[in-house]
Amino acid sequence: MKAGEQVRRADTGVEEAYADFLRRYPDYSGTNRLDALRSTEYRRLDEERQVYLDYTGGSLYAESQVQQHATILAAGVFGNPHSSNPTSAAMTEHVERTRRYLLTYFNTSPDEYIVVFTQNATAALKLAGESFPFATGSRFLLTFDNHNSVNGIREFARSKGAVVDYAPLVAPELRVDEAQLDALTDLADPTRLNLFAFPAQSNFSGVRHPLELVAQAQSKGWNVLLDAAAFVPTNRLDLAAVRPDFVCLSFYKMFGYPTGVGALLIRRSTFGKLNRPWFAGGTVNFASVQGRGHVLAPNEAAFEDGTLNYLAIPAVEIGLHYLESVGIETIGTRVRCLTGWLIEELLALRHSNGNAMVRIYGPANTQARGATVTLNFYDPEGHLLDYRRVEELANHQNISLRTGCFCNPGAGEMAEGLTEEDMRAGFALGSGVTLQSFLKLIRQRGHKSAGAIRVSFGLASNFADAWRFQQFAASFRDQTNLAIGDVTFDIDSCRFIRDGS
Ligand SMILES: Cc1ncc(COP(=O)(O)O)c(C=O)c1O
């Protein structure tokens, strides 16, 4: 059978499903311009028959972004920026233009925010954490569903004597417990420097926390760090309306290219309170070996250690213009429709005995949530299917999804009902603890799981992607004993086949 025939057979049913989807989600029709882009800018997806469902891991770049960047590089002579020689000045012009445009993109200005270019969101978070003046009597408060790159800030806070608190989530939706958060934010001594950190959108559950939390916490004496990494790829962040003290992000999550560049936006009114714990090439106006002293450079220069990834920075401006031209609201509408449809379809899946096949961690509708859907599969007797096995089967079908805990242990612990005791038992395994040994341990402690499957949509997603995953999910109906190595997935029949049968 030719590859093309195989594709057509496997896709039987997609048109009918699409018509039904449009009846249920009529707003999707308004996002047609993204279908045109899918067949031009992202044609490689369908040419390679890839089903990309890991936009929360990283977005995809449009062909034209790469071409425009290559054109700039091919036409110019660029040196290391921030010198007065002509090639350096040419590069500085690109870097500073991109810095200014980033602020315009987020509807703010250099009077309000300083933009520090970093390697990624993690580096931005580390800069904020290490320079925040935590001290005895100050507090660091985080929601349970922060990425580990935010959780890590607690080590800076602890080492400087600050109190660290976590605001819990409420299962099954995994939204923040607002009463408890309110009580925890009341504990701040406004005469001290306190920091509250939360993700605008959870990279585990897709929950979008209310951005009003920023002003509420600020009014009680908190500085607020908004992790926008998973939010800005499909939502507009208006920094004239919401004014966190810090915002961090990675550009590859917004528009796929370039990797290796992120940003920390720091409110000017907060900037003066920060203490850089060291200096480096590029961050000082004056430094002496004999005098054992240094004078930090002003503004962002004090935070940009060493040489920026300068040749990549023009691609950030290109990417931002690209998102503007596509329309972030259009992207938001499209991914909301796909997410709503997929959640409904997954929750409707039943084994022949009527038992549910899928459990979703997070909101089961599209209210205040993004396009990240985290789930696990269950067999007819309600036993959890091994998500590593599911990933392996998805790989065979060119479906790119993600499994594990997504660097977000707190949300995973809440979602799966893991207790402090369970986690302490994990640490008791010592430095040799692995995911394998921990999974074994917690299963012995009550058939729990640690980890899940995550699918996420983004700017190049279409209905066929959602439909193919739904078909894949439906193929687990009545499946038992999906032990590694003894079944493979047959794309023609969309069924599992026992090896050797
Ligand atoms: C919400 C959130 N914050 C921070 C990060 C860290 O981003 P990076 O790995 O680009 O530093 C991620 C990455 O997945 C994320 O989803």
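By class, the lining of the largest cavity comprises 7 nonpolar, 6 polar and 1 charged residues, where Ala, Val, Leu, Ile, Met, Phe, Trp, Tyr, Cys and Pro count as nonpolar, Asp, Glu, Lys and Arg as charged, and the others, Gly among them, as polar. The structure is a predicted model, in which local features need pLDDT of at least 70 and side-chain atom pairs count only at pLDDT 80 or more, while totals for chains, interfaces and linings use all residues. Residues are numbered from 1 along each chain as its sequence is written, and side-chain values use heavy atoms, with hydrogens and water left out. The volume of the largest cavity is about 120 Å³, and among its 14 lining residues those closest to the centre are Y55, T56, P233, T234 and F457. In the whole structure, the search finds 3 cavities of 30 Å³ or more. A cavity here is a set of points, on a 1 Å grid over the protein atoms alone, where a 1.4 Å probe fits but cannot get out, and lining residues have an atom within 4 Å of a point; grid points are joined across faces, edges and corners, and a volume is the space filled by probe spheres set on the points.

Turning to the sheets, 7 strands form an open sheet in the order 2-10-9-8-7-3-4, with mixed pairing. Strand 2 (113–118) and strand 4 (163–167) stand at the edges with a single partner strand each, so one side of each is left without a neighbour in the sheet. From one strand to the next, the twist averages 15 degrees. Helices (H or I, at least four residues) and strands (E, at least two) are DSSP runs numbered from the N terminus, and two strands pair if DSSP finds at least two bridges between them. Strands of a sheet pair through backbone hydrogen bonds, either parallel or antiparallel.

Within this sheet, strand 10 (residues 262–267) runs antiparallel to strand 9 (residues 246–250), to which 5 bridges join it, and strand 2 is likewise antiparallel to strand 10, with 6 bridges between them. Individual partners can be named: V247 is bridged to L265 in strand 10, C248 has L264 as its bridge partner, and V116 stands opposite L264. Because 6 of the 6 residues of strand 10 are buried, this strand is largely enclosed by the rest of the structure, buried meaning under 20% relative accessible area, exposed over 50%, and partly exposed in between (1.4 Å probe, protein chains only). Both faces of strand 10 are covered, with G262, L264 and I266 buried on one side and A263, L265 and R267 buried on the other. Helix 7 (residues 121–131) lies across strand 2, strand 8 (222–227), strand 9 and strand 10, and runs at about 155 degrees to strand 9; axes are lines fitted to C-alpha atoms, for helices over the stretch in contact, and angles run from 0 to 180 degrees between N-to-C directions.

The loop between helix 12 (251–255) and strand 10 holds P258, and the peptide bond from Y257 to P258 is cis, with omega near 10 degrees. G256 lies in the loop between helix 12 and strand 10 and, at 10% relative accessibility, counts as buried. Not counting residues up to four places away in sequence, G256 touches S59, L60, Y61 and F251, contact meaning heavy atoms within 4.5 Å. A further cis peptide bond joins A171 and P172, with omega of about 5 degrees, and P172 lies in the loop between strand 5 (169–170) and strand 6 (175–176).

Most residues other than glycine have a negative phi, and most peptide bonds are trans. N107, in the loop between helix 6 (86–105) and strand 2, has a positive phi near 60 degrees and is partly exposed at 43% relative accessibility. A368 also has a positive phi, of about 45 degrees, although it is not a glycine; A368 is placed in the loop between strand 13 (358–361) and strand 14 (372–377), and is partly exposed, with a relative accessible area of 36%.

Strand 13 and strand 14 pair in the antiparallel sense over 4 bridges, and I360 stands opposite L375 in strand 14. Helix 15 (residues 328–348) packs on the sheet, where it touches strand 13, strand 14 and strand 17 (452–456), and its direction makes about 140 degrees with that of strand 13.

Terms used: On a 1 Å grid over the protein atoms alone, a cavity is a set of points where a 1.4 Å probe fits but cannot get out, and a pocket is an open set with protein on both sides within 12 Å along at least five of seven lines; lining residues have an atom within 4 Å of a point.
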